[in-house]
2 protein chains.
Amino acid sequence: MAVHPIDARKERILHAIIDDYIQTAMPVGSRTISRKYETSLSSATIRNEMSDLEELGYLAQPHVSAGRVPSVKAYRLYVDDLLEDQPPRPDARAREFFSRRVRQMEDVFTTAAQAISEFTRYTAVVMMPKQTELRVSTLQLVPMPRGAALLVIVTDTGAIRDTVIRVSENLDGDALYAISRTLTEHLAGRTLQEVQEMLGAYSRQMGGDAQVLQGIADLAAQMERQSATDTLTVGGSHNILNYPEYSDVEKARAFLSALEEKEKLMALLAENRRPFAVRIGPETGLPEMADCSVVTASYQVGVDHHGAVGVIGPTRMPYGQVLSALSAVGQVLTEMLGE
Amino acid sequence: MAVHPIDARKERILHAIIDDYIQTAMPVGSRTISRKYETSLSSATIRNEMSDLEELGYLAQPHVSAGRVPSVKAYRLYVDDLLEDQPPRPDARAREFFSRRVRQMEDVFTTAAQAISEFTRYTAVVMMPKQTELRVSTLQLVPMPRGAALLVIVTDTGAIRDTVIRVSENLDGDALYAISRTLTEHLAGRTLQEVQEMLGAYSRQMGGDAQVLQGIADLAAQMERQSATDTLTVGGSHNILNYPEYSDVEKARAFLSALEEKEKLMALLAENRRPFAVRIGPETGLPEMADCSVVTASYQVGVDHHGAVGVIGPTRMPYGQVLSALSAVGQVLTEMLGE
DNA sequence: TGTTAGCACTCTCACTCGTTGAGTGCTAAC
DNA sequence: GTTAGCACTCAACGAGTGAGAGTGCTAACA
């Protein structure tokens with residue numbers, strides 16, 4: 001019997017199996033379904049359907065006398081269903097979470113990672129998109145005690161970076177401001193790249209002393225390095241210990257080590273511009289993540305930049321909840337970074 | 001036979017047992033000692049000595065036919081020996097570690113935590129001492145695109161904090177600087193506390209607009225909160241998974257949860273002003289840490305402030321190495337924060 | 001034709017029970 | 001004081017066993 005189509009009842013049963021497995025992490029038996037979900041059908045009937053579903057590749061048996069476990073294909077179906085009617089509801093809780101403590105650009109991302117990992121109880125990742133062609137908007141020296149000054153660079157996108165440099169002790173606030181003005185005049189509108197080049201060439205003309213100029217060059221270089229690559233923040237990494245899939249320490253360690261390899265993770269988050277993406281087990285492409293799922297949502301920054309927030313956890317995962325948590329946090333991020 | 005004194009040979013043997021146990025995490029048998037450490041003595045002799053040491057409370061047997069395991073008392077002896085001749089050698093590696101990436105105050109501490117956890121392969125904690133009576137040194141508004149400004153507060157100790165606030169769009173750099181000057185004039189030398197109070201009272205006189213003043217008040221309040229309490233940075237928390245003591249996931253999770261309770265940890269680090277301290281198992285006073293040791297070193301900040309760096313791991317720990325790593329990082333911290 | 005009851009079968013899990021090996025304590029001899 | 005030898009103990013390992021969960025298949029029923 002060539003059972004190609006999967007009818008409504010099969011789908012209901014499959015759904016029930018997945019739901020139960022997500023809850024319990026144990027292979028699901030026909031009896032369980034007949035009792036808890038499809039009370040009008042006997043276990044024998046369910047068995048027949050399960051057998052079909054297995055043949056179709058939606059279920060697998062760890063061993064012959066165990067219940068069934070959903071396959072990647074089953075999760076795929078389940079998730080695709082879910083993605084169709086994903087309500088983009090903004091969440092007050094997410095917004096409230098941020099209101100507490102966000103000081104600087106970087107804080108936004110760590111806070112986001114914390115929020116997601118707290119809401120979902122999984123490991124959260126937040127990607128901050130790279131920004132090319134950052135242009136200097138303002139450059140200012142703020143006096144500090146004992147012959148130091150804080151050099152602040154603000155870019156047109158509102159990114160801020162600062163560093164402490166040494167300056168001659170007899171420069172007071174006004175003098176530093178005068179220097180700041182000159183510097184801003186010369187350098188505003190330039191890319192970080194250009195700033196570095198110019199500092200080599202014209203250093204004398206601008207009247208700054210060598211230490212200041214060196215400080216600017218260093219900071220510009222650093223900013224460029226940091227902004228030219230995507231950066232990744234991970235939160236709640238040891239949440240996995242909560243899940244029986246990782247009750248083996250070796251596995252947990254492997255997982256945690258994999259998290260350290262930010263480049264690979266980044267690739268996972270970056271390759272996606274759709275609002276939501278779910279990569280299940282082998283679909284991640286990373287052997288270390290073979291029994292994990294990676295759920296990501298992208299958020300917008302400005303007009304054409306996309307970042308991503310995501311959750312990494314066992315394939316058995318309440319995808320619906322995770323998706324809405326990600327969506328909520330993503331929206332807050334877009335709002336916060338939009339300004 | 002009242003065997004009260006512990007002679008040189010007993011001490012050598014005890015040392016050997018501890019060393020071996022630190023390496024292997026397995027109960028040490030008499031044969032092992034006789035072969036690897038005291039080759040001139042037979043296992044039977046060692047057995048006799050071990051039996052004495054057990055009676056003296058230095059050794060314990062998990063069960064009758066297992067080898068011996070050092071007791072807390074043994075570690076205590078071992079560590080006290082170690083502490084006597086601790087060479088305070090500064091370590092080039094530690095300094096080099098910092099040279100890479102330290103931008104701001106906070107970075108110093110996370111870097112320190114990373115350095116320690118990388119050197120020792122244990123969980124590292126770094127305490128940053130609270131600073132009371134911070135006084136404002138400079139207060140400056142740096143123009144940003146689109147009606148925003150970066151408010152920077154610098155204190156007399158060189159702590160820097162900033163926040164983005166909204167300002168009227170028609171204030172240019174010079175106008176902002178003028179405001180900054182006035183503000184600095186009024187507020188320099190005041191404590192953060194006073195700044196908050198003054199902003200309530202005199203707000204009109206200073207000619208700033210309400211948003212600016214509110215921003216300052218908020219930031220001052222935040223700075224005060226942050227600096228008035230000790231803060232703790234934890235690094236390498238999942239290093240414990242490397243040790244067989246924590247091959248049980250439940251234990252590992254308990255440990256990681258305990259790390260979240262920063263107040264309790266802080267108490268451990270704070271109560272010590274001596275250059276080094278080792279608290280072994282129950283000595284920590286925390287039931288969650290009953291089979292951990294906490295090794296701490298204090299470092300100096302300025303004239304009279306003390307911070308602490310520390311390592312938390314299983315009682316079986318290469319104390320010597322840990323102490324010198326801590327000492328090295330502590331010294332670098334003192335240097336860096338001394339400026 | 002779809003559903004169900006019944007039954008034989010399979011496989012894991014938990015438990016028991018020898019066996020093995022590491023390690024001790026004690027005694028007697030050197 | 002040191003050592004060899006021996007009896008003893010106990011955890012760890014493996015094999016064997018029974019219970020329980022779950023399946024597939026067949027036959028009967030609506």
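What rotation superposes chain A on chain B? Hi everyone, let's start there, keeping in mind that this is a predicted model. The answer is 180 degrees, with 0.2 Å of shift along the axis and an RMSD of 0.2 Å. That is how a two-fold axis relates two copies. If you want to find the axis on screen, go to A:V249: within chain A, its C-alpha is the one nearest the axis, at 3.1 Å. The interface fits this picture, since 100% of the interface residues of chain A are interface residues in chain B as well, so the copies meet through the same surface.

Staying at the boundary between the chains, have a look at B:R181 and A:D174. Their side chains form a salt bridge, with N and O 2.7 Å apart. This pair crosses between chains, running from helix α7 of chain B to helix α7 of chain A. B:R181 is partly exposed at 39% relative accessible area, and A:D174 is partly exposed too, at 32%.

Now, what does helix α7 of chain B pack on? It packs on a sheet, where it touches β4 and β5 of chain B, and its direction makes about 165 degrees with that of β4(B). That sheet is open and antiparallel, with 3 strands in the order β4-β5-β6. Its edge strands are β4, residues 136-144, and β6, residues 160-166, each pairing on one side only. From one strand to the next, the twist averages 20 degrees. Between β5 and β6 of chain B there are 7 bridges, and you can see B:A149 standing opposite B:I165 of β6(B).

Back to charges, then. The count over all chains is 28 salt bridges. One joins B:E49 and B:R9 at 2.7 Å, N to O. B:E49 sits in helix α3 and B:R9 in helix α1 of chain B, so this bridge ties together parts 40 residues apart in sequence. B:E49 is buried, at 6% relative accessible area, while B:R9 is partly exposed at 29%.

Over in chain A, shared partners link A:R9, A:K10, A:E49 and A:D52 into one salt-bridge network.

Terms used
Residues numbered from 1 in each chain as written. Chains lettered and ligands numbered in written order. Predicted model: local features only at pLDDT ≥ 70, side-chain atom pairs only at ≥ 80, totals over all residues. Heavy atoms only, no water. Least-squares fit on C-alpha atoms with pLDDT ≥ 70 in both. Contact = heavy atoms within 4.5 Å. Pairing = 2+ DSSP bridges. Helix = DSSP H or I, 4+ residues; strand = E, 2+ residues; numbered from the N terminus. Axes fitted to C-alpha atoms, helices over the stretch in contact; angles between N-to-C directions. Salt bridge = Lys/Arg side-chain N within 4 Å of Asp/Glu carboxyl O. Buried < 20%, exposed > 50% of the residue type's maximum accessible area, 1.4 Å probe, protein only.
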